[in-house]
Amino acid sequence: MAGTLPPILLVGCGKMGGAMLEGWLERGVEQVVVVEPYPAAAAGFEGRVTLCTDATQIPEKFRPAAIVLATKPQQAEAALPGFARHAAAGALVVSIMAGKTVAGMTALLGGHAQIVRAMPNTPAAVRQGFTCAYPGPGVTEAQVALCDALLSAIGEVAWLEQEALIDPVTAVSGGGPAYVFLLAEVLEQAAIEQGLPPELARRMARRTVAGSGALLAASEEDAAQLRRNVTSPKGTTERALAVLMASDAWPKLMSEAIAAATARSRELAQ
Ligand SMILES: NC(=O)C1=CN([C@@H]2O[C@H](COP(=O)(O)OP(=O)(O)OC[C@H]3O[C@@H](n4cnc5c(N)ncnc54)[C@H](O)[C@@H]3O)[C@@H](O)[C@H]2O)C=CC1
Ligand SMILES: O=C(O)[C@@H]1CCC=N1
């Protein structure tokens, strides 16, 4: 869907809501009404959107094409019923909340809603996000196209055919940036332990992670080949990888970590 985005109601203007909003404003959007109880969270958007602190302040005549739910899952029960009338009027509901199922949200929205579940990630803040989305029952092709336009304003989009896959997606790409930032943190710490000055260690770790990400993004080669390209036979990297790739090390730990996060995503449905 090219061109200006239609009117959107954004519920929750925190880290993810704010990142999406910047993407829509950059792309061009007819009107955005934001419901955010803490005005400080929406600082910087004054004058560019209509700010409300709760659903009762939404202008009576506002007819959003989409309602984007970007509160925490724990806030869903209190927040969603306030938007039942907009959902009943035919607005597409797009939820980025971890765990919350289409069935659970439909109930909170009064029993009738066309809902897409989407799972973006924080690189959305620099339009480098990756989002997987699942269209629930009754979502039309035009609504899928609208949702694709909303999500592609913050990066790349992939569509899922099964709702259950949102749980592992949440674990892998939703939370994935945290694991990469942890890598930058521990690399910096290890550099300091080997005697490098802290400021240089920090710069080195950040640029190494960011530069490797840029190379991965630009390259046609598999991550495994890019890794092998660094690893000279009998060289230094080979020694480090022998530690990191040991049977009880990174590959096993990452499997356990992703399984734990996937299980937590399923729990959040309750
Ligand atoms: N942070 C991340 O990396 C990702 C988060 N998500 C999902 O996005 C959602 C938002 O996460 P964040 O942006 O990190 O959280 P956040 O805490 O930064 O933002 C949530 C916002 O919702 C507002 N809020 C609370 N109650 C509300 C209500 N009744 N009505 C309207 N707004 C209300 C809060 O004041 C806050 O500004 C969560 O459901 C999370 O599962 C999805 C993908 C990645
Ligand atoms: O940690 C969380 O629950 C959310 C979902 C994916 C990233 N942050």
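How many bridges join strand E1 to strand E2 (residues 32-35)? The legends below answer this and then turn to other parts of the chain.

This is a predicted model, in which local features need pLDDT of at least 70 and side-chain atom pairs count only at pLDDT 80 or more, while totals for chains, interfaces and linings use all residues. Residues are numbered from 1 along each chain as its sequence is written, and chains are lettered from A and ligands numbered from 1 in the order in which they are written.

**View 1. Strand E1 and its partner E2.** Strands E1 and E2 run parallel and are joined by 4 bridges, where two strands pair if DSSP finds at least two bridges between them. Within this pair, Leu10 has Val34 of E2 as its bridge partner. From strand E1 (residues 8-11), Ile8 and Leu10 point one way and Leu9 and Val11 the other way, and all are buried. In a regular strand the side chains alternate between the two faces of the sheet. A residue is called buried if 20 or more other C-beta atoms lie within 10 Å of its own, exposed if 12 or fewer, and partly exposed in between, with C-beta atoms placed from the backbone. Strands (E, at least two residues) and helices (H or I, at least four) are DSSP runs, numbered from the N terminus.

View 2. An unreviewed UniProt entry lists Ala70, Thr71, Lys72 and Pro73 under "binding site"; UniProt positions are given in the numbering used here, feature names are shortened, and annotations may be inferred rather than shown by experiment. Ala70 is found in the loop between strand E4 (66-69) and helix H2 (76-79), and Pro73 has its place in that loop between E4 and H2 as well. Ala70 counts as buried because 25 other C-beta atoms lie within 10 Å, whereas Pro73, with 18 C-beta neighbours inside 10 Å, is partly exposed. Leaving aside neighbours within four places in sequence, Ala70 is in contact with Leu10, Val11, Gly12, Gly14, Met16, Gly17, Met20 and Ile96, a contact being a pair of residues whose C-beta atoms, placed from the backbone, lie within 7 Å. Not counting residues up to four places away in sequence, Pro73 touches Met97, Ala98, Gly99, Lys100 and Leu268.

**View 3. The surroundings of ligand 1.** Ligand 1 is surrounded by 27 residues, the closest being Gly12, Gly14, Met16, Ala79 and Ala98; a residue is near a molecule if its C-beta atom, placed from the backbone, lies within 6 Å of it. Helix H1 (15-27) and H2 are the elements that give two or more residues to this shell, and the largest share, 3 residues, comes from H1. By class, the shell around ligand 1 divides into 16 nonpolar, 8 polar and 3 charged residues. Here Ala, Val, Leu, Ile, Met, Phe, Trp, Tyr, Cys and Pro count as nonpolar, Asp, Glu, Lys and Arg as charged, and the others, Gly among them, as polar.

**View 4. The surroundings of ligand 2.** Around ligand 2 stand Ala98, Thr170, Gly174 and Gly175. This shell has 1 nonpolar, 3 polar and no charged residues.

View 5. The protein chain is assigned domain 1 (5-161) and domain 2 (175-269), with bounds that come from an automatic or database domain assignment. The centres of domain 1 and domain 2, taken over C-alpha atoms, are separated by 33 Å. Between them, 9 residues of domain 1 are in contact with 6 residues of domain 2. On the side of domain 1 that touches domain 2, the residues divide into 3 nonpolar, 5 polar and 1 charged.

**View 6. Two loop residues with positive phi.** Arg127, a residue other than glycine, has a positive phi, near 60 degrees, and lies in the loop between strand E6 (114-119) and strand E7 (129-135). Arg127 counts as partly exposed because there are 16 C-beta neighbours inside 10 Å. Lys234 likewise has a positive phi near 60 degrees, and its loop runs between helix H9 (223-230) and helix H10 (236-244). With 6 C-beta neighbours inside 10 Å, Lys234 counts as exposed.

Methods:
Contact = placed C-beta atoms within 7 Å.
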